[in-house]
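Please keep the sequence and the structure in view while reading.

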Amino acid sequence: MTNEDVGTHSVADRLQVGPRDGVTYPIQMKYCGHCTMPIEYCEYYPEYEKCKDWLERHMPDDFERLKIEEEAAAADGTDDDKKRQKRGGKGLLRVKKKEDVPKRICVSRAARGKKKSVTVVTGLSTFDIDLKVAAKFFGTKFACGSSVTGEDEIVIQGDVKDDLFDVIPEKWPEIDEDVIEDLGDQKRT
């Protein structure tokens with residue numbers, strides 16, 4: 001028997017085709033309700049603590065098994081920092097930190113040219129409103145151009161500032177008319 005024959009036997013044994021002994025088929029996968037990944041991969045998700053909370057509430061048996069495996073890994077001395085990816089990668093989601101910004105919407109008018117003006121709306125993102133959807137809504141409602149220009153700024157073509165005090169609370173009931181502030185005429189920078 002040559003070295004090649006010895007190598008092929010070990011590879012063939014490792015790459016066994018067909019059902020394996022000790023495995024029940026079909027294999028059932030369990031998925032996390034928070035990150036939607038298999039529960040074995042939750043530890044690589046940026047919001048692992050939220051995954052743990054979900055598992056503890058909905059799958060207590062699997063949570064206990066994962067907890068025991070975690071404790072065993074910690075006892076072995078495997079460092080958690082070595083497992084986690086430090087930088088980059090498309091699979092790693094960035095968790096945005098929400099600042100405690102006062103919830104208020106500012107509406108102002110800005111001159112554009114000699115006789116034209118635009119209406120600027122800021123603060124909609126503090127109410128967790130998708131700015132692209134809001135800009136599309138304003139453009140359709142007022143039959144004009146509307147776009148997201150800044151991190152939290154929508155520019156609507158034309159002077160529709162006064163109409164916004166009625167339209168915004170009508171479209172989004174969680175916004176009270178009292179939190180909409182009129183800044184008057186502003187100069188655009």
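A residue is called buried when its relative accessible area is under 20%, exposed when it is over 50%, and partly exposed in between, with a 1.4 Å probe and protein chains only. By that definition D128 is exposed, since its relative accessible area is 57%. The model is a predicted one, in which local features need pLDDT of at least 70 and side-chain atom pairs count only at pLDDT 80 or more, while totals for chains, interfaces and linings use all residues. Residues are numbered from 1 along each chain as its sequence is written, and side-chain values use heavy atoms, with hydrogens and water left out.

## Overall architecture

The protein contains 6 helices and 5 strands. Helices (H or I, at least four residues) and strands (E, at least two) are DSSP runs, numbered from the N terminus. Along the sequence these elements follow the order α-α-α-α-β-β-α-β-β-α-β. Of the 189 residues in the protein, 26% are buried. The exposed surface comes to about 14300 Å², and carbon and sulfur atoms supply 50% of it; accessible areas come from the Shrake-Rupley method with a 1.4 Å probe, and for residues only the protein chains shown count as cover. A contact means heavy atoms within 4.5 Å. Among contacts between residues at least 6 apart in sequence, 47% join residues at least 24 apart.

## The packing of α5 and α6

Two packed helices are described by the angle between their axes and the distance between the axes. The axes of helix α5 (residues 131–142) and helix α6 (residues 161–171) come within 12 Å and cross at roughly 125 degrees. Therefore α5 is oblique to α6: angles under 35 degrees count as roughly parallel, over 145 as roughly antiparallel, 65 to 115 as roughly perpendicular and the rest as oblique. The axes are lines fitted to C-alpha atoms, for helices over the stretch in contact, and the angles run from 0 to 180 degrees between N-to-C directions. The crossing of α5 and α6 is right-handed; this term applies if the near helix is turned clockwise from the far one by less than a right angle, and left-handed if anticlockwise.

On the α5 side of the contact stand F137, F138, K141 and F142, which meet D163, L164, V167, I168, E170 and K171 of α6. The residues of this contact divide into 6 nonpolar, no polar and 4 charged, where Ala, Val, Leu, Ile, Met, Phe, Trp, Tyr, Cys and Pro count as nonpolar, Asp, Glu, Lys and Arg as charged, and the others, Gly among them, as polar.

Which residues of α6 are buried? They are K161, L164, F165, V167 and I168. These buried residues pack against β1 (105–112), β2 (116–122), α5, β4 (153–157) and β5 (180–186).

## Selected buried residues

| Residue | Element | Relative accessible area |
|---|---|---|
| W54 | helix α2 (residues 48–58) | 19% |
| S117 | strand β2 | 18% |
| S108 | strand β1 | 7% |
| V155 | strand β4 | 9% |

The contacts below leave aside neighbours up to four places away in sequence. W54 touches Y31, C32, G33, H34 and M59. The C-alpha atoms of W54 and C35, which are 19 residues apart along the chain, are separated by 9.6 Å.

The partners of S108 are V118, T119, V120, K161, L183, G184 and Q186. V155 touches V118, T119, V120, G145, S146, S147, T149 and R188. V155 and A110, 45 residues apart in sequence, are 9.6 Å apart in space, C-alpha to C-alpha.

## Loop residues with positive phi

Where does D128 lie? D128 is in the loop between β2 and α5. Although D128 is not a glycine, its phi is positive, at about 55 degrees. A143 is placed in the loop between α5 and β3 (146–150). Phi of A143 is near 50 degrees, a positive value in a residue other than glycine. A143 counts as exposed because its relative accessible area is 70%.
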